[in-house]
Amino acid sequence: MRYLLLIGVLALPIFVGSGSRSTAGSRAHSYTLPVRQDVYCLQGRHWGYPGNCQFSTYEQCVATASGTDAYCGINPTYAFERQGRQSR
């Protein structure tokens with residue numbers, strides 16, 4: 001009788017787990033690529049060149065530069081990368 005109870009206790013997680021969807025499977029369908037955080041740079045007298053390159057959108061950079069003497073530009077790494085692709 002003890003062995004039957006032991007088998008039932010050990011088999012219970014297998015039966016319960018087989019009926020539910022796994023969390024790994026649900027994450028695989030909802031995965032999105034990470035956004036690049038260094039596309040735009042905050043530039044100006046205090047920041048130098050290329051500046052503070054931690055912005056993924058131009059709007060984020062402009063909002064940070066608002067009210068200061070800074071401005072936004074594309075990260076030179078991406079600017080020259082695009083230029084190199086277009087010339088081929």
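**Disulfides and a salt bridge in the predicted model**

The torsion about the S-S bond of Cys-41 and Cys-53 is about 105°, so this disulfide (a pair of cysteine sulfur atoms within 2.5 Å) is right-handed. Cys-41 belongs to strand 1 and Cys-53 to strand 2, and the pair therefore ties together parts that are 12 residues apart in sequence. Strands (E, at least two residues) and helices (H or I, at least four residues) are taken as DSSP runs and numbered from the N terminus. The sulfur atoms of Cys-41 and Cys-53 are 1.8 Å apart. Cys-41 has a relative accessible area of 0% and is buried, where buried denotes under 20% relative accessible area, exposed over 50%, and partly exposed in between (1.4 Å probe, protein chains only).

The structure is a predicted model, in which local features require pLDDT of at least 70 and side-chain atom pairs count only at pLDDT 80 or more, whereas totals for chains, interfaces and linings use all residues. Residues are numbered from 1 along each chain as its sequence is written, and side-chain values use heavy atoms, with hydrogens and water left out.

A disulfide is a covalent bond between the sulfur atoms of two cysteines. Besides the link of Cys-41 to Cys-53, a disulfide is formed by Cys-61 and Cys-72, with a sulfur separation of 2.1 Å. The link of Cys-61 and Cys-72 is left-handed, with -105° about the S-S bond. This pair connects distant parts of the chain, Cys-61 lying in helix 3 and Cys-72 in strand 3, 11 residues apart. Cys-61 is buried, at a relative accessible area of 0%, and Cys-72 also counts as buried, at 16% relative accessibility. When the bonded cysteines of the protein are numbered in sequence order, the pairing reads 1-2, 3-4.

Charged side chains were also examined. With a salt bridge defined as a side-chain nitrogen of Lys or Arg within 4 Å of a carboxyl oxygen of Asp or Glu, the count comes to 1 salt bridge. The partners are Arg-45 and Asp-69, whose closest N and O atoms are 3.2 Å apart. Arg-45 is located in the loop between strand 1 (40-44) and strand 2 (48-55), and Asp-69 in the loop between helix 3 (58-65) and strand 3 (71-74), so the pair ties together parts that are 24 residues apart in sequence. Arg-45 is exposed, with a relative accessible area of 67%, whereas Asp-69 is partly exposed, at 41%.
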